[in-house]
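Colleague: I would like a close look at one part of this model. Please take me through it step by step.

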Amino acid sequence: MNDVSIATPVPTDSTSHGASSTSTAEARRHPRLQAVIFDWAGTLVDHGSLAPTQIFVDAFATFGITLTLDEARGPMGLSKRDHIRTLLEDDGLQAQWRARFGRASSDADIDAIYERFMPMQIAHVGRYSAPIPGAVEVLAALRGAGLKIGSCSGYPRQVMDVLLPQAKADGVWADHVVAGDELAAGGRPGPFMALANVLALGIGDVRTCVKVDDTTPGIEEGRRAGMWTVGLSLSGNETGLTLEQLQALPDAELAARRDAAARRLTASGAHLVIDSVAQLPRALAEIEARMARGERP
């Protein structure tokens, strides 16, 4: 069985893919950073980002449309209505829809799938609220280091209202939360949710913020907001496995999955890519070092 928190050198350039694991004792004050803004599923809770993925499959199935888990993961990070819209733009799914209903899908169909999806997601999200290993300790360390904790999600507010109290009972909470359906400007990959955190937390410079996310739209969100970005290669959507499944992989397959996920996250703009949130403090230390050298996000 593999130890997924394999220590590797902290990267020194924007294309490196690893950072060493850490503990609360390694936290330090970050004089140049003010806030870290986290995603939720696959980043702080729900290892593998399983809750939204399976529900998309189940919701489409109620309309007689076959959607695979890999297909469901494709647009992950978008708000859930935009996620459904993007899925229906796929040629294969659109062909299924035409065969089933004799016409192309419409905005009304997107609404209908979303309305079917929502109660299913609300009913099941609590089953996937367990913290990702290291999340509780890292959040406590960041607060101890004087950093503010923001967050945003592709989940709608109704889903977050179920998830948040359960996560907080387990030690995972943020100073501010923005849900995927709350802003008139829209969600990811736009910068709006990240910037709403900046306003709410009273941050004076977006360049002192770090966006942490397991999806490519979430990384794009941070870059468009002018922030440093850290991608998570193994704990979330890009790999899509529970911790137990991940630890059971042969070493070669684990390395291949890590590298593939890191390439996608780096291509979307991640400054650094690490395995999971457990490794974040040393990644932040690397960002601090790069800021000291005069680098900007």
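How much space lies in the largest cavity?

Modeller: Keep in mind that this is a predicted model. About 90 Å³ of space lies in the largest cavity. The count comes to 1 cavity of 30 Å³ or more. Rolling a probe the size of a water molecule over the atoms shows where empty space is left.

Now the lining. The largest cavity has 13 residues around it. Those nearest its centre are Asp39, Ala41, Met76, Lys80 and Gly154. By class, the lining has 5 nonpolar, 5 polar and 3 charged residues.

Next, the loop between strand E1 (35–38) and H1. Asp46 sits in this loop. Its phi is near 60°, a positive value in a residue other than glycine. Most residues other than glycine have a negative phi, and most peptide bonds are trans. A cis peptide bond does occur in this model, joining Arg188 and Pro189, with omega about 5°. Pro189 belongs to the loop between strand E3 (176–178) and helix H8 (192–201).

Back to H1. Helix H1 (residues 50–61) packs against helix H5 (residues 107–124) at an angle of about 135°, and their axes are 9 Å apart. That angle makes H1 oblique to H5. The crossing of H1 past H5 is right-handed. From H1, the contact uses Ala51, Pro52, Ile55, Phe56, Asp58, Ala59 and Phe60. From H5 come Ile113, Arg116, Phe117, Met120, Gln121 and His124. By class, this contact has 9 nonpolar, 2 polar and 2 charged residues.

Notes. Residues are numbered from 1 along each chain as its sequence is written. This is a predicted model: local features need pLDDT of at least 70, side-chain atom pairs count only at pLDDT 80 or more; totals for chains, interfaces and linings use all residues. Side-chain values use heavy atoms; hydrogens and water are left out. Axes are lines fitted to C-alpha atoms, for helices over the stretch in contact, and angles run from 0 to 180 degrees between N-to-C directions. Helices (H or I, at least four residues) and strands (E, at least two) are DSSP runs, numbered from the N terminus. Angles under 35 degrees count as roughly parallel, over 145 as roughly antiparallel, 65 to 115 as roughly perpendicular and the rest as oblique. A crossing is left-handed if the near helix is turned anticlockwise from the far one by less than a right angle, and right-handed if clockwise. Contact means heavy atoms within 4.5 Å. Ala, Val, Leu, Ile, Met, Phe, Trp, Tyr, Cys and Pro count as nonpolar, Asp, Glu, Lys and Arg as charged, and the others, Gly among them, as polar. On a 1 Å grid over the protein atoms alone, a cavity is a set of points where a 1.4 Å probe fits but cannot get out, and a pocket is an open set with protein on both sides within 12 Å along at least five of seven lines; lining residues have an atom within 4 Å of a point. Grid points are joined across faces, edges and corners, and a volume is the space filled by probe spheres set on the points.
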